[in-house]
Amino acid sequence: MPHRHTKRKAQQQRDDLTSEHKVGDIGQAVLACLFLATWIADTFFLKYTTVLDQYVSPGVKIPLGIVLLLLSAYLARTGLSIVFGEERQKPGVIRKGMFSFVRHPIYLSEILLYLGLLMLSISLAAAVVWVIAIGFLHYISRYEEKLLLAHFGEEYEQYMKEVPMWIPRLRRK
């Protein structure tokens, strides 16, 4: 818990950062615990909803799972370092790094983390939690975008037109 408090305190003291949804951090933590508990219990112990796992070759699911986990780590690391690693003198819309490809690379990293684990062992119960997590992340993203629109106005509106929310474009406009 000290990390969340420290993060919030640091965020409140910085004019270049906007607010997050008040239940964003706790909701993400609860869903992460729920996903991991469900995935671990179903994969290693209960095996109630892992029936599809037998139909996907380990030669496909293991490399795919590892690639998704590595991509997730990269997005999280670079996104967090861009947002919290430097204080911007003039507050503005962040458009560098992964933020030039998707508007929410940190939340996307969370989605890909869960998907990577699902590729390693396909648990339908954990997949249900994954879908709920996607819905929650989309909800808090939309809330935060309203704050960003209120704070940055046309600059953020233009950013929303140019950069997709979740899935990067193959070609730039």
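1. The largest nonpolar core has 23 residues, and Phe35, Trp39, Leu108, Leu118, Trp130, Leu137 and Trp166 have the most contacts inside it. At least two residues of this core come from each of helix 2, helix 3 (58-84), helix 4 (105-120) and helix 5 (124-152). Apart from it lies another core, of 10 residues, including Ile94, Phe99, Leu148 and Phe152. A nonpolar core here is a set of buried Ala, Val, Leu, Ile, Met, Phe, Trp, Tyr and Cys residues joined through side-chain atoms within 4.5 Å. Buried means under 20% relative accessible area, exposed over 50%, and partly exposed in between (1.4 Å probe, protein chains only).

2. The model is predicted: local features need pLDDT of at least 70 and side-chain atom pairs count only at pLDDT 80 or more, while totals for chains, interfaces and linings use all residues. Residues are numbered from 1 along each chain as its sequence is written, and side-chain values use heavy atoms, with hydrogens and water left out.

3. Of its 173 residues, 40% are buried. Among contacts (heavy atoms within 4.5 Å) with a separation of 6 or more, 74% join residues 24 or more positions apart. The chain exposes about 10,600 Å², of which carbon and sulfur atoms supply 67%; the areas come from the Shrake-Rupley method with a 1.4 Å probe, and for residues only the protein chains shown count as cover.

4. Trp166, listed above for its contacts in the core, touches Val102, His104, Tyr107, Leu108, Ile111, Leu137, His138 and Ser141, not counting residues up to four places away in sequence.

5. The count of aromatic pairs comes to three. Rings of Phe, Tyr and Trp (its six-membered ring) pair if their centres lie within 6.5 Å; planes under 30 degrees apart count as stacked, over 60 as edge-to-face and the rest as tilted. Trp39 and Phe44 form an edge-to-face pair, 5.8 Å centre to centre with 85 degrees between the planes. Trp39 is buried, at 9% relative accessibility.

6. Phe44 also belongs to a nonpolar surface patch of about 690 Å², made together with Leu36, Ile40, Phe45, Leu46 and Tyr48. Patches are made of residues with over 30% relative accessible area and no salt bridge; like charges are joined within 9 Å and nonpolar side chains (Val, Leu, Ile, Met, Phe, Trp, Tyr) within 5 Å. Ile40 lies in helix 2 (residues 24-46) and is partly exposed, at 36%.

7. There are four salt bridges, each a side-chain nitrogen of Lys or Arg within 4 Å of a carboxyl oxygen of Asp or Glu. In the bridge between Asp53 and Lys61, the closest N and O atoms are 2.6 Å apart, and both residues are buried. Glu145 and Arg142 meet at 3.3 Å, N to O; both lie in helix 5, three residues apart. Glu145 is buried, at 1% relative accessible area, whereas Arg142 is partly exposed, at 38%. Arg103, Arg142 and Glu145 are linked in a salt-bridge network.

8. Glu162 forms a salt bridge with Arg95, with the closest N and O atoms 2.7 Å apart. Glu162 lies in helix 6 and Arg95 in the loop between helix 3 and helix 4, so the pair ties together parts that are 67 residues apart in sequence. Also in helix 6 (residues 154-162) is Glu155, which touches Gly92, Val93 and Arg95, not counting residues up to four places away in sequence.

Terms used
Helices (H or I, at least four residues) and strands (E, at least two) are DSSP runs, numbered from the N terminus.
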